[in-house]
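Hi,

Here is the structure I promised to pass on. My notes follow below it.

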Amino acid sequence: MTVTTPTIEKANLSSAPGLDRVDAINYPTKRDEAWRYSPHRELARLLFGPATTSARSMSADVAKDIAEQIPALDGPRIVVVNGVVDEARSDLTHLGDGLSVSTLADALKDQPEQLDSHFAQSADDIPDAFVALNMEFGRDGAVIHVAKGHELATPIHIVDIVVPGETQNASCTGVVIHLGEDSSATVVETRIGGGNQFGGSNTRTTITLDDNATLDHIVLQDMPSSQIHLSSIEVTQKEGSVFRARSFNLGASYGRIAYDVYLAGERAHTDLSGLYFGTGDQILDQQVTVIHAAKNCTSRQTFRGILDDESTGVFNGGIDVRPGADGTDAEQSNDNLLLSKRAEVNTQPRLEILADDVACKHGATVGQLDDEALYYLRTRGIPADEARRLLIRGFADQAVHAVDIEALRTWITDRLGHANG
Amino acid sequence: MLHVKNLTASIEGTPILKGLDLTVGAGEVHAIMGPNGSGKSTFAHALAGRDGYEIGGTATLDGADLLDMKPEARAAAGLFVGFQYPVEIPGVNNMYFLRAALNSVRRARGETEIGARDFLAVAKEAMDLVEMKEDFLNRSVNAGFSGGEKKRNEILQMAVLKPRLAVLDETDSGLDIDALQIIAAGVNSLGGPERSVIMITHYQRLLDYIKPDFVHVLVDGSIVASGDHTLALHLEDHGYADYVNHDLDDVPGRALSGAVS
């Protein structure tokens, strides 16, 4: 059997040094469990290359359209357009005590040693070629550092925008987040796009939480349906730290959000929740791996999917309990609502437990709208369409309410309202 | 107000209602009693418009043909059915649901929608009626409610929607005496010359609290006896044996025994 391996356009890459490293890492194929449902032919059409500042230009229409898509949040904001920070659209004027935010490009110039956690990885630790591409071309983005003991009240907003060009249609962005001991912060990453050309974004976020730090991290993925979104979120948690992730995987023809959480210190807690809502022929893919490498850590994975039309949902959730990680308490759930006969969901738990005294639970459900509930609502005068919408919203509600910031809940509810006709 | 003529309902070819006739005038309270499996709940669902039945005959409410309408249109026409087993709907807020229901009905009738603040006053009044606490409104519809809470929530909806005709299916089942009294008081205070009630019940107990003007006995899909409230008392003493020990299909015109006035 022969396997077609997608190749990237050499023309756009030839000038970049270090591509041998990308080439050395195989492009994923359908044989890779983590890429089984991905549209490989489309992925091969993504053209990556070094970001250029000219890439920031966009038409007034596209700019206006994009401005309307961004949730209204107070606080610091970094806007990245086609892989380059757009200073005019960013606002870093009121950072407050204990917070430093810089562009990744500046940090690479000024203090590259602080970025080892992001760039200095051995080839063995790079999971796939898209992460390798990001490491190669994702030379701008955001670097966030919260100093020891500081608790930040306002969220930090990173907006990643792609407006595909003719020759280079895909961009790479890097985000580095480091929380010092006993600090806390909220980071919101909004991933959107403009225009209706084929293209995509490839973002990578690396997060380090020192002892007893707490990070709330929210991802809103709402790319145009002509685009692809690939996201890798890699987290290392030290003793007693807390990571709360909320992902809303809503847009793109193929939207992929991968979490790799490494619980390195004792009593660390990670809580990942997500909602994916597919319409048309979207494929929305969540790849989650939580590694318990220390004693007495807890982890939760709570993902919900709503799939309409011919859309496909993927949940591939791993719990990996390493030898010695005794006292692990891990739970995973994946509930899905299929709104159409042609929609599908592929849910797969992966559990590997190599420690003692481990409590590990997982469960998945796939269901349809409850006819009895629909009937009940209609007998109260609520028309069928509205009753359907109410029930769908009710199903999504658990994920929406896991978000503390009201402005984001409003944004999400509005967005779900559109998807839901 | 309600005219039901020769109503039939079957599921997958199995007949359940076999020609039910019933007339309910404005402001009247009727009780339909009958043994298990006689078609009581099917009658409620046939009026409400549940899918899955093959329906025959006619049922008009204030002259409008109910059987031709979608369930939501029947509600707008003034029908309310309180269910024996109200469905739990996790994630849908009770308050939001009640307001959506009221506004849907108002819209369908060409009335203006009611705003959140005005609605709160409507809801508060309805909650007082069934002695519910305010946190009730912030919970999901029926989710995790006790049996009594679910039934009270049904009467709460009736109080908000103010129907022309309320059909209450086994509203008394599973209630302790306190809850039963609260519900009965709620139904009684909603009564009036313009609102009619049909209570479907297995036991006479509820009728001690809500006194019916008429009592009907439903057996094997049709009404085999009608009378005043003393008929219910007779049934309490003698059960349905008088009506079910014979092949009623063969003798539809059978003379009634018992305390029929």
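First, a definition: two residues are in contact if their C-beta atoms, placed from the backbone, lie within 7 Å. By that criterion, of the chain B contacts between residues at least 6 apart in sequence, 71% join residues at least 24 apart.

This is a predicted model; local features need pLDDT of at least 70, side-chain atom pairs count only at pLDDT 80 or more, and totals for chains, interfaces and linings use all residues. Residues are numbered from 1 along each chain as its sequence is written, while chains are lettered from A and ligands numbered from 1 in the order in which they are written.

**Overall**

Chain B has 8 helices and 12 strands (DSSP runs numbered from the N terminus: helices are H or I, at least four residues; strands are E, at least two). Its C-alpha atoms fill a box of roughly 60 × 40 × 35 Å along the principal axes. Buried residues (20 or more other C-beta atoms within 10 Å of their own, C-beta placed from the backbone) account for 43% of the 261 residues.

**The sheet**

In chain B, 6 strands form an open, mixed sheet, ordered 6-9-10-3-11-12. Strands pair if DSSP finds at least two bridges between them. Strand 11 (residues 214-219) runs antiparallel to strand 12, over 5 bridges. One bridge joins B:Val215 to B:Gly227 in strand 12.

Helix 5 (residues 147-161) of chain B packs on this sheet. Helix 5 touches strand 6 and strand 9 (165-169).

Best wishes

Technical notes
A residue is buried if 20 or more other C-beta atoms lie within 10 Å of its own, exposed if 12 or fewer, and partly exposed in between; C-beta atoms are placed from the backbone. Axes are lines fitted to C-alpha atoms, for helices over the stretch in contact, and angles run from 0 to 180 degrees between N-to-C directions.
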